[in-house]
Amino acid sequence: MFSGSSSNSKGKVALCVLLVHVLLLAASNGAAGLQVGFYRRSCPNAEAIVRNVTWASAAADPSLAGKLLRLYFHDCFPQGCDASVLLDGAGTEKTALPNESLGGLDVVDAAKAAVERACPGVVSCADVVALATRDAVSFQFGRLLWEVETGRRDSRTSRFGDAFIVPHPEFDFSKLKKSFADRGLSVADLVALSGAHTLGRINCQFVSPRLYAFPGNGGLDPLIDGGYARELMRQCPSTASRGTVAMDPSSEFRFDTSYYAAVKANRGVMRSDAALLHDGEAARLVDEMQDQGKFLAAFAASIKKLGAMDVLTGNNGEIRRNCRVVN
């Protein structure tokens with residue numbers, strides 16, 4: 001009897017030790033991953049600092065939201081949000097053609113510098129970009145449109161070739177769908193994130209092929225609205241044009257659903273915009289996204305999903321002091 005009791009006691013102790021080990025491991029893994037409020041203790045004012053810098057900049061520059069959304073996407077899509085696109089130097093992502101015109105870098109630098117003054121070496125550049133992007137888009141609404149999970153760390157490397165993983169403006173739907181699927185993103189994510197094209201401008205070099213050298217006829221894309229095509233031709237008069245055009249002609253600075261209305265009317269500026277109508281599921285979602293509430297909810301879900309892909313956490317990477325160079 002006493003032997004049995006001793007065995008039971010030892011078994012209970014062993015079970016308790018195992019449970020404690022499992023709980024500690026889970027806590028360790030949670031701390032190493034992304035979470036809302038990651039800096040709550042280590043830098044409690046981090047998010048407010050980034051928001052104050054970003055909102056002051058957005059008040060002075062209505063194009064900031066579009067610039068930061070593009071910067072964020074070009075950082076996250078190739079290999080996860082790791083601030084690799086911010087690194088200076090030969091052979092980096094920043095020097096590749098898709099990234100030569102990235103904007104908002106000065107605001108990221110200012111926000112990072114402000115955070116560094118408050119909490120040196122604590123908040124990553126990758127998280128500053130994620131927070132500043134959310135804040136810039138949210139500015140016009142006077143409220144935060146989505147929660148940002150933080151806890152990312154910064155890459156020590158940046159590879160020129162990674163910049164070309166970002167979907168090309170001339171992709172047809174099959175290529176678009178595959179590029180998103182390769183990154184674990186669905187057609188719903190593709191359509192929702194395309195809504196970012198309601199903001200910002202694009203270089204004529206990415207528009208001109210639809211106007212003067214469309215595959216199949218060597219001229220104008222037959223699916224583009226004629227009046228809109230003439231409007232684009234005035235702004236981009238040849239394949240050598242180096243100007244810019246608004247991504248959404250009726251709403252360049254407003255984060256709204258007019259992009260989807262433009263796509264529906266064959267007034268999407270890029271071939272990849274028009275491609276959304278060439279798939280049944282995507283076309284249905286284009287219709288659905290013309291409801292502002294549904295669009296904002298879908299965009300928030302998809303950009304959070306994008307922001308969590310393949311990130312560096314825990315002891316991986318580093319916390320850069322200066323976003324443009326490794327420590």
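Guide: Gladly! Let us begin with handedness: a crossing is right-handed if the near helix is turned clockwise from the far one by less than a right angle, and left-handed if anticlockwise. Keep in mind that the model here is predicted.

Visitor: In which hand does helix 2 pass helix 5?

Guide: Helix 2 passes helix 5 in a right-handed crossing. The contact draws on E47, V50, R51, T54 and W55 from helix 2, and on V128, L131, A132, R134, D135 and A136 from helix 5. Sorted by class, this contact of helix 2 with helix 5 has six nonpolar, one polar and four charged residues.

Visitor: What describes two packed helices?

Guide: The general idea is that the angle between their axes and the distance between the axes describe them. In this case, helix 2 (residues 46-60) and helix 5 (residues 125-138) pack at about 50°, and their axes are 9 Å apart. Helix 2 and helix 5 are therefore oblique to each other.

Visitor: And at what angle do helix 7 and helix 12 pack?

Guide: Helix 7 (residues 187-194) and helix 12 (residues 280-288) pack at an angle of about 40°, with 10 Å between their axes. Angles under 35 degrees would count as roughly parallel, so helix 7 and helix 12 are oblique to each other. Helix 7 passes helix 12 in a right-handed crossing.

Visitor: Which residues in helix 7 and helix 12 meet?

Guide: From helix 7, V187, A188 and V191 meet E281, A282, L285 and V286 in helix 12. By class, the residues of this contact of helix 7 with helix 12 are six nonpolar, no polar and one charged.

Definitions and conventions: Residues numbered from 1 in each chain as written. Predicted model: local features only at pLDDT ≥ 70, side-chain atom pairs only at ≥ 80, totals over all residues. Heavy atoms only, no water. Axes fitted to C-alpha atoms, helices over the stretch in contact; angles between N-to-C directions. Helix = DSSP H or I, 4+ residues; strand = E, 2+ residues; numbered from the N terminus. Parallel < 35°, antiparallel > 145°, perpendicular 65-115°, else oblique. Contact = heavy atoms within 4.5 Å. Nonpolar A, V, L, I, M, F, W, Y, C, P; charged D, E, K, R; others polar.
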